[in-house]
Amino acid sequence: MSDLTTQSATGYLEVEGGKLYYEVAGEGHPLLLIHAGVAHNAMWDGQWEEFARRYRVIRYDTRGFGKTTLESEEVSFSNRQDIHDLLTHLGVDKAYVVGVSRGGQIATDFTLEHPEMVDGLVLVAAGLGGYNEGELTEEEQSLSGEMEKLWEAKDWDRLSEMEMNYWLNGPTQPKDRVPAKLRDKVRGMIHYNYSNQPYEGKPRTLTPPAIGRLGEIKVPTLVIVGTLDESAVMRIADVQAQGIPGAKKVVMQGTAHLPNMERPEEFNRIVLDFLDGIGA
């Protein structure tokens, strides 16, 4: 712990219309971690120390999440430019990039817009810009509709509970499938984001979208998905694995949308083995 502590740092970076909160630990090749849309940077706690023993690990809060701030609802921003600015600020020319869910979509888009800054990509239960072919099951549609109504009503308590159950446990799984401590952590992150982020801003999307451009990704890529995840996410993983040249796909049995939090030891081994292979 002492060596990691002496190499760690936290800070805020002024960016277009706001400030990005970030943390850095460890030494070695840069490794950027991008959180899911139902979390903030603390979702990487189970990876932080382990990854920092081998890499210079960077995690941050995207706009509208965690400790990152937006000046107003009217701010227009690019998640891709935010990453570029953050890596440049830290003196990073190239990095491995790992993203979960919405973070995976951002990672893909960043790789397409700034291929010169990425030398390895890990997509975990990732979204995909422009993908609209993944119809949900009837049960998933019903649950999504309920969550939409809670969002419109700004009922953050009930919405945080529902989103936690849907994404952490899995859409059709028992509500106590994962340990209570982990449920509390994810619920708390979701509630924190809703309660402490007054603005969403206006994110600028990648044009053309990633769905038609996966063949442009030339870096080694790993796609990870859990067997209990939402049906659309599982289909997207297939599209990514088939569309990105040379991509490898790993299915984590018995996990849902946040496999790095559910089974950190297994997840860490999978990712580190992949990254070690790139380095070799």
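**A close look at helix 7**

Guide: Helix 7 runs over residues 180-196, and its 17 residues reach 24 Å from the first C-alpha to the last, close to the 24 Å expected at 1.5 Å a residue. That expected span is 1.5 Å times one less than the number of residues. Helices here are DSSP runs of H or I with at least four residues, strands are runs of E with at least two, and both are numbered from the N terminus.

Please keep in mind that this is a predicted model, in which local features need pLDDT of at least 70 and side-chain atom pairs count only at pLDDT 80 or more, while totals for chains, interfaces and linings use all residues. Residues are numbered from 1 along each chain as its sequence is written, and side-chain values use heavy atoms, leaving out hydrogens and water.

Now look at which way helix 7 faces. Its buried residues are Leu 182, Arg 183, Val 186, Met 189, Ile 190 and Asn 193; buried means under 20% relative accessible area, exposed over 50%, and partly exposed in between, with a 1.4 Å probe and protein chains only. Viewed down the axis of helix 7, these buried residues fall within an arc of 135°, so they line one face of the helix. The arc is taken from the directions from the helix axis to the C-beta atoms. That buried set packs against helix 6 and helix 9 (259-262).

Along with Leu 31, Met 43, Ile 224 and Leu 258, Val 186 is among the residues with the most contacts inside the largest nonpolar core, which has 51 residues. Helix 6 (residues 156-169) gives this core its largest share, seven residues. Apart from it lies another core, of 35 residues, including Ala 95, Leu 112, Met 117 and Ile 244. A nonpolar core is a set of buried Ala, Val, Leu, Ile, Met, Phe, Trp, Tyr and Cys residues joined through side-chain atoms within 4.5 Å. In soluble globular proteins, nonpolar side chains tend to be buried together.

Beyond its neighbours within four places in sequence, Leu 31 is in contact (heavy atoms within 4.5 Å) with Phe 51, Tyr 55, Arg 56, Val 57, Ile 58, Tyr 96, Val 98 and Leu 275. Phe 51 is also one of the buried residues of helix 2 (residues 45-52), with Gln 47, Trp 48 and Ala 52. They cover an arc of only 115° around the axis, which puts them on the same side of helix 2.

Stepping back, the protein chain has 10 helices and 11 strands. Buried residues make up 55% of its 280 residues. Among contacts with a separation of 6 or more, 74% join residues 24 or more positions apart.

Finally, a few backbone details. Most residues other than glycine have a negative phi, and most peptide bonds are trans. Ser 101 has a positive phi of about 60° and sits in the loop between strand 7 (95-100) and helix 4 (102-113). Ala 125, with a positive phi of about 45°, lies in the loop between strand 8 (118-124) and helix 5 (138-152). Ser 101 counts as buried at 14% relative accessibility, as does Ala 125 at 3%. The peptide bond from Thr 207 to Pro 208 is cis, with omega near -10°.
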